[in-house]
Amino acid sequence: YVRALANHAAVCHLLGTSEGMDEATSFLHDNGILLHYEDSQLSDLYFIDPQWLCSMLAKVITIQEKNPYQKNGLMLVQDMDKIFTDSTTKPFIKDLIKIMQKFEVLLLLDEQHLFIPSLLPSGQELACVVSITGSNPNKNSLPSTSLPSTSLSKNPSVPMSSTLPSSSFPNTLIRYQFLHFIPNGFFSRLIARVVSGPILGQCSEWLLWPRPLVEGVAQEGPHWHCWRSGLKLVWNHVEILKIVPVDCPLPGYKESHIISSRGQQAMKLPKAIKIVVGIPPNKCTTSQTTPEQLSSWILQQSTHCVASLFEDWYEQYGRNRDVELTAVSPCQLCKQMIENTTSSTEYRVMATQNQCSYFFSSPYCALMAAERKNLQCPLHGKMSVGDIAPDLVFRDFVPSMVFDSTCIIKSHMLGEGGFGAVFAGCIKEEVGIIEEVGIKEE
């Protein structure tokens, strides 16, 4: 049912050329007659019976009674031999693991462990812990440095129209991805994509904890807490990242309005994916980056995981409004007001009087940043784009990689293709050095 292409030359001879072989394979794959993937690890495999492949995958991705070797989404690689006992299937166990990784229904954590997101427990209280082998939060730790606190003032006497200074940076960044509905199986693939991505690895490299964040509690390495409909990255008992689905209207928000280039509109989409990123101030030291830069980078990576999976899920994304995905960031002072309604009578009164909370769409934030303009919340006045969407103003990059547009000089066109035109150009740095570059324009 699955064959390695050992006689490629003979098949190509029958079809005339290798191009004919590729064209025929592509046609049969598109029509579901066989399965073949142009992947470096799978390109020599041809699944001539797709139903057989589905049956093999169903032996692993199944209920506990049929696969008793997995527990809360974790399984030993050696137990695959106990599932596939047929001598004709055993030689292809490694290939089946590769194909399941490509489908994002299974991850190979290391040489011994498999991770199956769709078999995770349903409740957050039963979350499965997935860690990285050998991670050391204190490796090459630096002396402790005191980072200035950047938390927003919770004093109700502060005028609500005050502008957030561009130098301030909130402890927590939040982004919502609004959509009509969350498809069945979407979160299991999202968990697989996030866990297999670079977020945890970069945090392991960049974040250093010189002392326990909680007195009397031993330090622990970075790890994921995963359940069927969400995940969070925990390090030393602190949540660095959390991604969960939420229903609309959002908890605590009476009414949500989105400000975009088309004006102000009430949010009517019923579902949202919430991304929360928080690097605690005065608690960590970084070797290569600042807390602001790392938070911005994690937010950008998480947002990209959701958006890219959404695009992969719906090929017609962008052409069909029924599958719209809207990324927004809340006004920090609107968010602060909601957070304080449970503890402050004055804030509770203000929240009752102000029926709306305001969000800014990501394209609108990018447009305002390009035009060097501040955002304008109807309740709280002006604020910097970088305070609510720092990844859209490149704060996830080191300063040496960000240049002012006046330093970039575009010259003649070098070429043009399907992805845009490329121009010759140069970057003039402050020290007077001129470096030649290529400039791509879509």
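1. The largest nonpolar core has 41 residues, and Trp224 and Ile298 are those with the most contacts inside it. A nonpolar core here is a set of buried Ala, Val, Leu, Ile, Met, Phe, Trp, Tyr and Cys residues joined through side-chain atoms within 4.5 Å, where buried means under 20% relative accessible area, exposed over 50% and partly exposed in between, with a 1.4 Å probe and protein chains only. Helix 8 gives the most to this core, with eight residues; helices (H or I, at least four residues) and strands (E, at least two) are DSSP runs numbered from the N terminus.

2. The model is predicted, local features need pLDDT of at least 70, side-chain atom pairs count only at pLDDT 80 or more, and totals for chains, interfaces and linings use all residues. Residues are numbered from 1 along each chain as its sequence is written, and side-chain values use heavy atoms, with hydrogens and water left out.

3. Leaving aside neighbours within four places in sequence, Ile298 is in contact (heavy atoms within 4.5 Å) with Ile199, Cys203, Ile240, Leu241, Val277 and Ile279.

4. The largest pocket has a volume of about 970 Å³ and is lined by 35 residues, of which Ala366, Ala369, Leu392, Val393 and Phe394 lie nearest its centre. On a 1 Å grid over the protein atoms alone, a pocket is an open set of points with protein on both sides within 12 Å along at least five of seven lines, and lining residues have an atom within 4 Å of a point; the volume is the space filled by probe spheres set on the points, which are joined across faces, edges and corners. Helix 8 supplies the largest share of this lining, six residues.

5. Ala192 is found in helix 6, residues 186-195, and is buried, with a relative accessible area of 1%. Although Ala192 and Pro117 are 75 residues apart in sequence, their C-alpha atoms are 6.5 Å apart in space. Beyond its neighbours within four places in sequence, Ala192 is in contact with Glu104, Leu107 and Pro117.

6. With a disulfide taken as a pair of cysteine sulfur atoms within 2.5 Å, the count comes to zero disulfides. Cys226 is in no disulfide, and the nearest cysteine sulfur, that of Cys128, is 6.3 Å away. The sulfur of Cys334 is too far for a bond because the closest cysteine sulfur, in Cys331, is 3.8 Å from it.

Notes: 1 Å grid on protein atoms, 1.4 Å probe; cavity = no way out; pocket = protein on both sides within 12 Å on 5 of 7 lines; lining within 4 Å.
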